[in-house]
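Colleague: Could you take me through this model, please?

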Amino acid sequence: MTATEMRPGAAPEPELAPPRRALDQNWRRLARMGAVAAFVEVFIALSGMPVRLDERPVIVSILSLGYVFIGAIPIVVGNRIGRQVRREGVPVHKAGGYELLAGTLAGAVAAAGLSVLVALLTHFDIREPLVNWSPQLLDLLSFNRGPVFGVLIWLGIGAVGGFIGGGLRLLPARWRRTLVTMAATVVLISILEQLVADLVSGVRLEPVADWFYGRRGGLTHSGAGVTAAIAGVAAFFGRGRLKAARAHVQSLEGPARTRATSLMILLTAAILIVVPLLVGSLTNELLANVGLFVLLALGLNIVVGLAGILDLGYVAFFAVGSYTAAVLTAATSPRINPEFPWFVALIFVVVVTGLVGLFIGAPVIRMRGDYLAIVTLGFGEIIRLLFLSDWLSGWFGGAQGITAIGGVEIFGLTTVDGTNPRGVFYLVLVFCAIAIYVSWRLERSRLGRAWMAVREDETVAEAMGINTVNVKLLAFVVGAVLGSFSGAIFANKVGSVFPSSFLILVSMVILVVVIFGGMGSIVGVIAGAALLIGVLGGPKQPGLLAEFSEFKLLIYGALLVWMMLARPEGLIPSARRTRELHQEEFLQDAWLRGEVDTDDGNGDAQGTEGRS
Amino acid sequence: MIGKWAPRTGAPRTGVDKFLTLLRVLAVGLVLVGFAAFIAQEINTDNAFAQWANPDATGLSGAGFRGLVIAGISQGAMYGLIALGYSMVYGVLGFINFAHGEVFMMGAMTGWVTSTKLAEAGLWESNFIGSFVIVLFGSILVSTFLAVVMERVAYRPLRGAPRLIPLITSIGVSFFIQNMSIVLFGPATKSYPARPDWVKNKHTALQIEGDKIMVIAAAATSMILLWYLVERTKVGKAMRAVAEDAEIAALMGINVNRTIVTVFAVGGAFAGIAGIMWGIDFGSVIGHTGFLPGIKAFSSAVVGGIGHLGGAMVGGLFIGIAEAVGPLLILEPLGVSGVSQLRDAVAFAMLIGVLLLRPSGIFGERLRAEDRA
Amino acid sequence: MSDSTPAVEGATPLLEMRQVNTHYGAVHALKDVNLAIYAGEMVCLLGGNASGKSTTLKTLLGMVKPSSGQVVLDGEVVNDRSTAYRVERGVTMVPENRRLFQRLSVRENLQLGAYLRNDSAGIASDLEWVFELFPRVKERLSQKSGTLSGGEQQMVAIGRALMSRPKVLLMDEPSMGLAPALVKQNFELIEQIHAAGLTIFMVEQNANMALSIADRGWVLQTGRVVLDDTAENLLTHPDLRASYLGEA
Amino acid sequence: MNGSSVPLLEIRDLSIEFGGLKAVNGLNMEVNDGEIVSVIGPNGAGKTTLFNAISAMVPITSGDILFESSSLLGLDANQVTARGIARTFQNVRLFTNMTILENVMVAQHCRTRQGAFGALLYTRAFRREEDEIRARGEEALSFFGSRLVGFRLNQPASVLSYANRRRLEIARAMATQPKLLLLDEPVAGMNPVESAELTRLIGRLRDEWGFAIIFIEHDMSVVREVSDRVIVLNHGELLTEGLYADVSVDPRVVEAYLGQETIVEDAIKS
């Protein structure tokens, strides 16, 4: 039903035209793509990413993450260049010499950027202002064998990479997928090292982990081989089954469908409950952080994804939640310190955030989308500045914040605080479950439909009897309250709150998470948070790739732009979003299946009668 | 849409409206009481009203006040220069180009590179005017180029996409450029070489610093050039036509893409000028420099009435003066301590206040046909 | 190729579509469309909503690129040429709903029509011609065009198109959403400028009205030309009468 | 006019200005229960502005609009709809990414009560109301025959043909359970076959659903066919009103709006 399913591979393979002649290249396109890729290569090299990531091996002594980045680009370009647009009535050519030649050339041009860089690095020194214009970069790029070797080897690597990329198009789809999956899995398993190793050790299999991963990180040769082999076999034989299983579940109706869904939910819940028991505190800390962001993202998702209100100051509610919890539970709070138990404080958190949400929401909710964005951003900043100010420092401690906040006491059974990340994770998990339930139920209600209508056309929604101000305000407040939960847990987990934890940056990161995952899609938002926060890290929290910390915001920015250009509906989109963003494709899809009305004249009657 | 903004005749409104009316009254009241307290304290710090409002207030000397206003004007002129870019792009494409603040930052960054290089060569001290011209051109070049590339790579493919898509994209672009400058140039603060004395000294009867005079002069010149370009040239007519209806403009034989590129280029050039002014006035730049001024400049564009070029400049001056004077004029007399920390908060509060009282800005918006519908 | 006889035997068409296919993304909007418009003709393209009428116009004007086939303007293949180039070579359009630049004055609207021209003498004389055709426009010159009445706007829209001194004028749904008197007046205007020597290609839903003044016509259905005949024959064609003229 | 003492809708001395331009000027009119009134007039005569004013989408300058004897002034658009006035738009504005069923379900917002808590607790009342909303939605859709129901229910409105979009828009307005229906050029862009069918449906809307209807139309065959009364606007003022037969030969109407030819054509057709 979605555009994804229309992509090649899913649709029945169309009849192929004979391959194009190798020399009939679209030279301008080739030069342009090659040049852009070359520019990207040079940029990546000068950003310092390769040097920094060279310390992180993917496969021991063979490949480091630094090279993965600059080495993957020729392959990607080599593959992209051979892409053909599929359109009704236009022939698709079989891949052949054209793709190989185009790939090789484009790859070579891409990597030639690095060759040029090597030459320049040898002859000029502009370390001021470009901080990464360094001998280390030269050594890395020339493999310590001198500039001439460096210039030539990159041309070679580029050509080979491009050849491989182009060559992938010649392979049957099944083999192509298998190869790509193998490569991707090896990199992924290597990136997930901390998690995997911790998990394996948790089930008392430390020797396996030692055998799998090298002492200073990275997969061992045997580890990489085994991973690749398993991935390959799974991809080669498994994909069809997976698809069939999914199709089967989707074809179920009524109680059977409900049963399948509940089973999936139970299974996921079981995994989420068991995994923290197996892994160590470092990984649990990571999981807890991811959980906090999932909670924030779910809250923002209601505001942005369901009601279509682009709130750039969402961090304000995170901050208000944190500070309210801190003031009410901490003995050290400057002005009032009732030292409520956390759960009692939570009631106040909900009330206070709800009121703040109303207070901020009321003036902004009638504004146009983009004004609203900027004004909410302003409010977010104002709230942080107020917490920071000397004026209110008597209440909130100014820049010193509030420290020594106790943990969350759970009905006298146990106390959850920062020293017990597993407990924090479970606590977050409970609140995430609440947030998911709330989003899921509300979306499928009268209110959810009203949000959808407001998102599509506010004027018409108003004319159809929807009090747009009220329903938008409600979305704003519900989102605010969910965000404040995250804040309240955050305060008692970290044990202290400072204004510097609530920069606008946090809002932006949550927004990226929501959009990357897929606006309006609960699963997407969770996946987005897990991937981005878990792997790259949050605004201040390290992820699995701690080496990335200085580049993560750069990557967030690039990902956001790329996502908007290539896949605006996000990683795991909601069906409706896809529709909104790909209306034409959707129409075409429906048309192919004969579901579109084509009544000009009396066609309509045929259209319906043919079906009913 | 009109019905959302303009009040209909007849009184009863919803709860939200009553609340908004209350907010409006409160906002105006706060400003008035603060102002009254300020005047009371100016007359005599011991009078009862001043004592009630803030016993600790010290009042403000005439010279101090003038200094603040002038600083505000020069700051506002920079906001105004940046705001022109926001306003022009909004007028033509209908979205906030969030990344415009970063174009400004890259202008300042380029200025740092060229000015330090010139200082190393000894030219900065010996021939400041000449060096300044070189630096200015360098920044204009880089900012213009960056703005044009941005349009080509990130925004052109999104023409006709739902409204929020290009806005979100521009947030991504902003993130990217900001951090790009950090990874390329390093995270440290970049200091401009020292300015010659006449730039630091005060001139004329009004006792204005040289750099402030430069900023104000640059802004005024830019405004005149821009007005001429938009109102008097063929390119300007093309811009106005594209702003109103791009499809029909194309039908007239106007090259829409080129016109839009021109809009970005002109906006970028102004941001570059603002960047240099910033660098010379404040003497340093870092990767985050662009963010807050960018947001405030956008606020200025909104306050002035988006799409209205004169409005952008007036809005910039308004925000600049408000954030310079507002804390001492209104907040301190009311008994708020540490007011200078709340500068940014005042700027944003002004934006919110103006939008509450006059949702289409001081001069009213000029939007594309489809936005007005 | 065509049942209907062109106005001039053996002449080359002024504007022509040869086997044109146009896609929007994957949507196939025009399928093997052949059209030929000869100098001095008044021809019309009929079709319901979403039949590909506006796509045809956009393809002719270069606002969308055909994926195959040729668009020929005055003997030259203009597939890869910009809209501006085609306008300069003598084709322009009066858009549906007029779409004047509402904030600009009538004078500026007319000037924009001549945006690509540099011969100020020629522009001035064409301006006089427009005033001659529509004396009402002259009275409104400095008024913002958004404040004009519907009929006056229609005149300015046509005048604006004439200012580029076109050889062939495309009209997109000239009767759409207009009051009956205006529709009538509008078609009179079209006949008037046709009489002044302009070739006109009209896209219409109002088949009765269009065929009453056109020489020839085509009928488009889901992107394909299904009928191609003289106006008289089309008016009496049973399929057309059934589906467009409301007679069973 | 069915002789009931109080008109359903009464417009008193209504004026609307946009920046000094008078779109509607001192207009008086009324519409009774169960009446079908058409509004005609040249472009720019203020017809759509009148609709926008009734449905509270533009601010009015002076005058009053009474619905069931109480004023609509000061109400938001949604409150007007809640009072029982629904409308369609000249250039069809559907929620194109919502399904056809959702389009008619969402229109019942102001007739239903369940809020966030009902949805969260999944109460019995909530489920009952959802079922009712759905049933009423399907009822409105089935008014148009088989076109909008069946397998179409769960398809997005964007796949509909133009004529069906117009139909869905009317169904959506019906779903708000109005007393008065405002249709803005309901047959614009339809071919004669379709518009003849829709004309019959407009009659049935009054007879079977009991709506009073005001519609704007340029197609005189529709106006002639179904309207009880015709109101002619020109330059924002009431030019004349009355039966179609009388209005259509009124020389002022002919001059300002119809044009000589139309009458002749009309005569030939009928």
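Modeller: What follows covers the interface of chain B and chain C, then the fold of chain B. This is a predicted model, in which local features need pLDDT of at least 70 and side-chain atom pairs count only at pLDDT 80 or more, while totals for chains, interfaces and linings use all residues. Residues are numbered from 1 along each chain as written, chains are lettered from A and ligands numbered from 1 in written order, and side-chain values use heavy atoms, without hydrogens and water.

Colleague: How many residues of chain B are in contact with chain C?

Modeller: 19 residues of chain B touch 24 residues of chain C (contact: heavy atoms within 4.5 Å).

Colleague: And what area do they bury?

Modeller: The two chains bury about 2,000 Å², 59% of it on carbon and sulfur atoms (accessible area, 1.4 Å probe, lost on being put together, summed over both). E244(B), L251(B) and M252(B) lose the most area on the chain B side, together 34% of what that side buries.

Colleague: How many salt bridges are there across the interface?

Modeller: The rule finds four (a side-chain nitrogen of Lys or Arg within 4 Å of a carboxyl oxygen of Asp or Glu). One of them joins R99(C) to D245(B), with the closest N and O atoms 3.0 Å apart.

Colleague: Changing topic, how much of chain B is buried?

Modeller: Of its 373 residues, 58% count as buried (under 20% relative accessible area, 1.4 Å probe, protein chains only). The C-alpha atoms of chain B fill a box of roughly 65 × 65 × 40 Å along the principal axes.

Definitions and conventions: Helix = DSSP H or I, 4+ residues; strand = E, 2+ residues; numbered from the N terminus. Buried < 20%, exposed > 50% of the residue type's maximum accessible area, 1.4 Å probe, protein only.
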